[in-house]
Amino acid sequence: MNAIRDPIRDPINDPINVSLSDFDLLVIRTIKDHPGLNTRQILNKINTIDPAATIDRIKNSLKRNLSDLCEFRGSRNSGGYYILERNT
């Protein structure tokens with residue numbers, strides 16, 4: 001019997017190709033190693049490796065390039081960034 005393929009309900013098996021800059025990878029690595037950091041804490045960790053890092057650059061990276069890979073949890077004052085769990 002032929003199965004009817006439903007493109008909306010069938011899972012997507014194609015790998016997702018994401019091109020990230022070295023700075024984006026540095027931010028992701030920092031969040032993975034230290035979950036729950038806010039942008040100022042991420043800056044303090046990254047600043048020793050990349051002195052050109054700024055809070056604005058980190059925020060832009062998180063918002064534009066890394067929004068599918070990490071999320072902000074908690075309140076504005078005490079919350080932090082966490083890596084999203086992948087369901088594979």
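The protein has 3 helices and 2 strands, where helices (H or I, at least four residues) and strands (E, at least two) are DSSP runs numbered from the N terminus. Read from the N terminus, the elements follow the order α-α-α-β-β. This is a predicted model, in which local features need pLDDT of at least 70, side-chain atom pairs count only at pLDDT 80 or more, and totals for chains, interfaces and linings use all residues. Residues are numbered from 1 along each chain as its sequence is written, and side-chain values use heavy atoms, with hydrogens and water left out.

**Overall figures**

- Of the 88 residues of the protein, 27% count as buried; buried means under 20% relative accessible area, exposed over 50%, and partly exposed in between (1.4 Å probe, protein chains only).
- Among contacts between residues at least 6 apart in sequence, 45% join residues at least 24 apart; a contact means heavy atoms within 4.5 Å.

**Packing of the helices**

- Two packed helices are described by the angle between their axes and the distance between the axes.
- Axes are lines fitted to C-alpha atoms, for helices over the stretch in contact, and angles run from 0 to 180 degrees between N-to-C directions.
- H1 packs against helix H2 (residues 39-46) at an angle of about 110°, and their axes are 10 Å apart. H1 is therefore roughly perpendicular to H2; this term covers 65 to 115 degrees, while angles under 35 degrees count as roughly parallel, over 145 as roughly antiparallel and the rest as oblique.
- On the H1 side, Phe 23, Leu 26, Val 27, Thr 30 and Ile 31 meet Ile 42, Lys 45 and Ile 46 of H2.
- The axes of H1 and H3 come within 10 Å and cross at roughly 90°, so these two helices are also roughly perpendicular to each other.
- In this second pairing, Phe 23, Asp 24, Val 27 and Ile 31 of H1 meet Arg 57, Ile 58, Ser 61, Leu 62 and Asn 65 of H3.

**Ile 58 in helix H3**

- Ile 58 lies in helix H3 (residues 55-65) and is buried, its relative accessible area being 0%.
- Leaving aside residues up to four places away in sequence, Ile 58 touches Phe 23, Thr 39, Ile 42, Leu 43 and Ile 46.
- Ile 58 and Val 27 are 31 residues apart in sequence, with their C-alpha atoms 7.4 Å apart in space.

**Asp 24 in helix H1**

- Asp 24 belongs to helix H1 (residues 22-33).
- Asp 24 is buried yet has no salt bridge, and the nearest side chain of opposite charge, Arg 57, is 7.2 Å away. Lys and Arg count as positive and Asp and Glu as negative, whereas His and the chain ends are not counted.
- The side chains of Asp 24 and Asn 65 are joined by a polar contact of 3.0 Å; such a contact is a pair of N or O atoms within 3.5 Å, where within protein one must be able to donate a hydrogen and the other to accept it, and residues adjacent in sequence count only if both atoms are side-chain atoms.
- Apart from residues up to four places away in sequence, Asp 24 touches Ser 61, Asn 65 and Leu 66.

**Salt bridges**

- The whole structure contains 2 salt bridges, each defined as a side-chain nitrogen of Lys or Arg within 4 Å of a carboxyl oxygen of Asp or Glu.
- Arg 57 pairs with Asp 50, the closest N and O atoms being 3.4 Å apart. Arg 57 is partly exposed, at 34% relative accessible area, whereas Asp 50 is buried, at 18%.
- Arg 73 and Glu 71 form a salt bridge through their side chains (2.6 Å, N to O). Arg 73 counts as partly exposed at 38% relative accessibility, and Glu 71 counts as partly exposed at 31%.
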